[in-house]
Amino acid sequence: MAGVFVNRQFRPLTDAALISLAVAVCYYAAGRLGLLGRLVVEGVVATPIWPPTGVAVAALLLFGARVWPGIALGSFLVITSLTTPGPTTAVTVVSNTVAPLCAFLLLRRADFRLDMARLRDGLSLIFLGGFGAMLISATAGVGLQVVKGSLDRSEFWAVWLAWWAGDTMGVLLVAPLLLVLAGPSGRFRVRRWKEAAFLGLTTLVLVPLAVLSPMGLLFLVCPLLVWAALRFQLAGSMLCALFASVFATVVATSDHGSFSHLSDVEIMVKLQTFNGSAALTALLLASVITEQRATRRSVRHACEELAEVLEHLAVGEPSPAPPTGPPPEPSESRPAPPGGLRDPCPSASTTDPLNGGCGAHGRVVGPGGGGP
C-alpha cells in the first residue's frame with residue numbers, strides 16, 4: 001500500500017520532468033533552426049524570427065507553468081552552442097525564461113482559449129503574448145550587451161528593435177501553429193483536399209516569385225493569406241504565413257531579390273515589416289472567420305433544437321375526444337355590444353345573474369355595475 005502511494009506521489013513529478021526534457025529538446029532544435037537565418041545589426045547577431053519563443057509560449061499554454069525548467073535548459077543549451085558560458089549567461093537564461101512565463105500568465109489572465117476561435121484570442125496573443133511580454137527578453141538581452149561594453153549606447157535602439165521583433169515574430173508565427181496542430185481542430189481532414197493541394201502549389205510558386213523579384217512584389221503574398229484564412233482558417237493561414245516569412249528571411253540573409261542593395265538595418269526593417277504584416281493578417285483574419293463560423297454553427301444548432309422541441313410538443317398534444325351525443329345545434333352569433341364586450345352567457349336561462357354577471361335576459365353588465 002505504501003509503495004502504491006509513493007508511486008502516485010512521484011508520478012506527477014516524473015511526468016513533469018519528461019515533459020520539461022521534451023520542451024528543452026524542442027527549444028534547442030528550434031533555436032538551431034532560427035540561427036540559420038541570422039543577421040548582423042550594429043555588430044550584434046539578431047534573428048528576424050526566433051522560433052524558441054513560440055515553442056516556449058505554446059508549451060506553457062499546453063502543459064502549464066511546470067515546464068519552465070525545460071525552457072531554461074533549452075535556452076542554456078542554445079547559448080552554450082554559440083559561446084562559452086559566463087556570468088552573464090544566467091541573466092540571458094533568466095530573461096528568456098521569464099518572458100514566456102509572463103506571456104503565459106497574461107494570456108491566462110485574459111481568458112485565452114487554446115483553439116483561438118475568438119477574435120479576442122488573436123488580439124491577446126498579439127498584444128500580450130507578443131508585443132508586451134517580449135519586451136522583457138529584448139530589454140534584458142540588449143541592456144546586458146550595453147553593460148558589458150560590447151554595444152555602444154547609441155546603438156541600443158536599433159539592436160533592441162531587432163531583438164524584440166525577432167522574439168515577437170516567433171510568438172506570432174510559431175505558437176499559433178503549434179496550438180492548432182496540438183488541438184482537435186489540427187487533425188488532418190481529407191475534405192477539400194483538392195483545393196488545399198492547389199493552394200499549396202500556388203504558394204510554392206507565388207511566394208518565391210514575389211520574394212525573389214527585384215521589383216518588390218511582396219504584396220502578392222496577401223491574397224494567398226486571405227485565401228488560406230477564408231477556406232482553411234488558422235491552420236492554413238499560419239502555414240502560409242510561416243512559409244512566406246521563412247523564405248523571405250532566407251532570401252534577405254543572402255542579399256538577393258527584394259532585399260538586394262540594402263544595408264543591414266534596412267534589410268531588417270523591410271523584412272520585419274513584411275513578417276509582421278503576414279503574421280497579423282493571417283492571425284486576425286483567421287480568428288474572425290473562425291469566430292463567425294462558430295457563431296453560425298451555434299445559431300443553427302439552437303434552431304435545430306427549437307424545431308425538435310416544437311415537433312415533440314406537436315406530437316404530444318392530446319387529441320380532442322369524439323362527441324358521444326347528438327351534435328349541438330349551431331348557436332346564433334350575436335353582435336358585440338358597444339365597447340367590444342360580447343355577451344358571455346350563451347343561454348340566459350342557465351346563468352345566475354348574481355354569480356355570472358348576466359341578467360335574466362342575458363344582458364352584459366358593464367364596467368359601471370348596472371344597465372338599464
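Author: Helices are DSSP runs of H or I with at least four residues, and they are numbered from the N terminus. In this numbering, Gln 145 belongs to helix α6. The model discussed here is a predicted one.

Reader: How many helices and strands are there in the protein chain?

Author: The order of elements from the N terminus is α-β-β-α-α-α-α-α-α-α-α-α-α. The protein chain therefore reads as DSSP runs, and its totals are eleven helices and two strands.

Reader: What percentage of the residues in the protein chain is buried?

Author: A residue is counted as buried if its relative accessible area is under 20%. Among the 372 residues of the protein chain, the buried ones make up 38%.

Reader: What share of the contacts with a separation of 6 or more joins residues 24 or more positions apart?

Author: A contact requires heavy atoms within 4.5 Å. Of the contacts in the protein chain with a separation of 6 or more, the share between residues 24 or more positions apart is 68%.

Reader: Which residues does Gln 145 touch, leaving aside those up to four places away in sequence?

Author: Gln 145 is placed in helix α6. Its C-alpha atom is separated by 9.9 Å from that of Val 159, which is 14 residues away along the chain. With residues up to four places away in sequence not counted, Gln 145 touches Ser 150 and Leu 151.

Reader: How many charged residues does the contact of α6 with α7 have?

Author: Helix α6 (residues 134-148) and helix α7 (residues 156-182) cross at roughly 145 degrees, and their axes come within 9 Å. This crossing is right-handed. The contact includes Met 134 and Val 146 of α6 and Phe 156, Trp 160 and Asp 167 of α7. By class, it has eleven nonpolar residues and five polar ones, and the number of charged residues is one.

Reader: Are α4 and α5 parallel, perpendicular or oblique to each other?

Author: Helix α4 (residues 87-109) packs against helix α5 (residues 119-132) at an angle of about 140 degrees, with the axes 8 Å apart. Angles under 35 degrees count as roughly parallel, those over 145 as roughly antiparallel and those from 65 to 115 as roughly perpendicular, while the rest are oblique. The two helices, α4 and α5, are therefore oblique.

Reader: How many nonpolar residues does the contact of α4 with α5 have?

Author: On the α4 side, Ala 103, Leu 106 and Leu 107 take part, and they meet Ser 124, Leu 125, Leu 128 and Gly 129 in α5. By class, the contact has no charged residues and two polar ones, while the number of nonpolar residues is five.

Methods. Residues numbered from 1 in each chain as written. Predicted model: local features only at pLDDT ≥ 70, side-chain atom pairs only at ≥ 80, totals over all residues. Heavy atoms only, no water. Axes fitted to C-alpha atoms, helices over the stretch in contact; angles between N-to-C directions. Nonpolar A, V, L, I, M, F, W, Y, C, P; charged D, E, K, R; others polar. Left-handed = near helix turned anticlockwise from the far one by under 90°. Buried < 20%, exposed > 50% of the residue type's maximum accessible area, 1.4 Å probe, protein only.
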